[in-house]
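Colleague: I want to check the labels on this model. Let us go through them one by one.

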Amino acid sequence: MNTNNLYNFKNTVRHFFNIDEIKCKEGFDKTDINNISWAMPVNFRVRKDKSSYRVLKFPNILNFLCALEVLKDEEFFGDTSEFDSRKRLVPSLATGDFMTGTFDEQLEEDLLNLCLYDNLIRVDIKAYYERIYTHDIDTSGKERFLTNLNTGNTNGLIMGNYISLYFAEKYSKNISEKIQDTLNKLEIDCKFSYFSDDFYFFCNKHDNEKIINLFDKVLESFNLERNEDEVSIWDYLKYNDYNLIEKYWKKIVYDSINCFDDTKDDNILYFTNQLIYRMSNLEDDKSRKIFLNTFFKSTYFRKLELENFYIQKYNYHQLCYLFKFSPEILIYSMKNFSTDNFFKGENFKEFLKIRYEESLKTLYHEEQLYYYYAIKIQNFNDILLDTKDLVLKSSNQLLISYYLKEKLFKEELEHLKEKSDEKYWFQNYHLILYSDLKNDLEENIKKYLIPQYAKKGKIQNYIEFYKINLENNISIIKSIDEVTESIEKYLQIKELEKIQVFSCDEK
């Protein structure tokens with residue numbers, strides 16, 4: 001089981017974690033709830049849309065490992081789609097993502113339903129994770145393992161890890177069952193499906209208002225409410241036009257292959273212009289980013305031999321625009337472009353410097369990591385020296401940990417040593433690992449890493465946990481080479497999933 005993928009599921013930041021290497025002291029009983037205490041998670045902000053963000057929370061690692069040990073044998077833990085036939089997506093613990101092909105299958109099913117019914121109503125639950133009351137979830141008597149991840153809070157699940165996703169999906173099954181019961185009682189002809197807080201209702205126009213009211217009443221019975229800003233109604237043509245992402249990138253791949261001449265070493269990099277053109281036809285930035293990220297994760301791009309192409313100036317500025325629009329592309333593409341003259345030169349260095357500095361002034365921690373990754377791949381290390389102050393102000397504990405790992409902080413270490421509050425435990429672990437604080441290890445573990453609510457024997461458990469990992473020089477973050485390997489492995493597994501789905505379809 002890949003623990004990195006469970007510690008953070010779906011978001012690409014999971015590739016930067018090194019949870020698989022973390023050790024527990026021999027003989028430590030991870031199933032005894034009395035060995036751990038309430039602990040504070042670390043906040044990590046990711047972009048939601050143009051001007052807003054959501055907060056992922058990284059739980060205390062010992063608490064997480066204990067919770068995982070106890071909860072991994074829960075029913076359908078590895079596949080939440082088994083809870084309910086109306087679930088829309090199948091998780092893949094091997095990739096830390098959703099199974100390749102399930103989105104395509106669901107889209108075809110949606111379009112078929114839009115032939116049967118007038119329209120699709122999409123609605124979601126407002127602040128779903130934050131408002132799930134843990135007492136209401138069936139945890140088989142193991143609720144404390146869940147609440148200990150979130151400083152003991154029973155009102156809400158922390159967002160980001162797979163354990164929270166599992167219980168959110170388990171709870172949404174109850175909502176689904178009540179919706180279906182109500183539809184049956186009211187004799188409303190409607191099909192629906194859902195994933196977590198996002199519900200899809202296929203119905204006829206004269207029932208639209210009934211469906212929305214029904215949804216509101218069901219949510220009210222669970223002390224939840226609908227997000228009033230997220231109601232959308234689609235017919236077949238509108239929904240089909242909106243979901244052109246896969247058709248677009250597959251068409252670009254097909255045309256790029258046909259334009260390629262393997263006898264030449266100056267082929268035109270056809271896809272850049274097409275990506276710009278096609279993304280302009282998509283309806284919103286979310287769709288455009290999915291489209292771009294999907295293309296750069298494709299087998300075609302991953303296996304592209306760029307030495308057979310001549311990158312022209314317009315290709316270069318188009319790629320820079322795409323990087324700027326969706327920085328996530330950098331982690332899938334930078335290795336491919338790293339040896340090309342355009343990307344080794346001063347112009348690209350200036351691009352990364354300016355965009356990285358600007359990202360450090362924003363709220364979006366994951367984009368800061370993507371730029372950092374690209375800078376490291378290109379060995380533009382002086383950019384990092386020039387951005388130390390901005391990194392310190394960013395509150396990005398993963399990025400600060402990388403700067404500590406790289407020994408980039410000198411006089412700044414004294415400032416970091418002042419931050420002994422529990423909420424800084426992630427960066428403080430690396431502060432101890434990569435500074436002179438390691439010389440007085442046990443005292444500094446007590447000062448910087450012990451959860452506020454840990455008492456008596458529990459304190460010693462945390463001391464021993466951190467001590468064994470720090471003494472073995474185990475970092476919670478991977479090296480950049482290891483991040484690259486993780487991304488490559490992820491893409492390889494996604495490719496195999498695609499082949500398996502295709503084979504099943506052929507049968």
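Modeller: Start with contact, which means heavy atoms within 4.5 Å. Leaving aside neighbours within four places in sequence, Glu367 is in contact with Arg47, Lys289 and Pro327. This is a predicted model: local features need pLDDT of at least 70, side-chain atom pairs count only at pLDDT 80 or more, and totals for chains, interfaces and linings use all residues. Residues are numbered from 1 along each chain as its sequence is written, and side-chain values use heavy atoms, with hydrogens and water left out.

Colleague: Why is Glu367 called buried?

Modeller: Buried means under 20% relative accessible area, exposed over 50%, partly exposed in between (1.4 Å probe, protein chains only). Glu367 has 9%, so Glu367 is buried.

Colleague: What makes a set of residues a nonpolar core?

Modeller: The members are buried Ala, Val, Leu, Ile, Met, Phe, Trp, Tyr and Cys residues, joined through side-chain atoms within 4.5 Å. The largest such core has 157 residues, and Phe271 and Tyr356 touch the most other members. Helix H6 (residues 162-186) gives the largest share, ten residues. Helices are DSSP runs (H or I, at least four residues), numbered from the N terminus.

Colleague: Which residues is Phe271 in contact with, leaving aside neighbours within four places in sequence?

Modeller: Phe271 is in contact with Ile252, Ser256, Phe295, Phe296, Tyr300, Phe301, Leu304 and Leu319.

Notes:
Helices (H or I, at least four residues) and strands (E, at least two) are DSSP runs, numbered from the N terminus.
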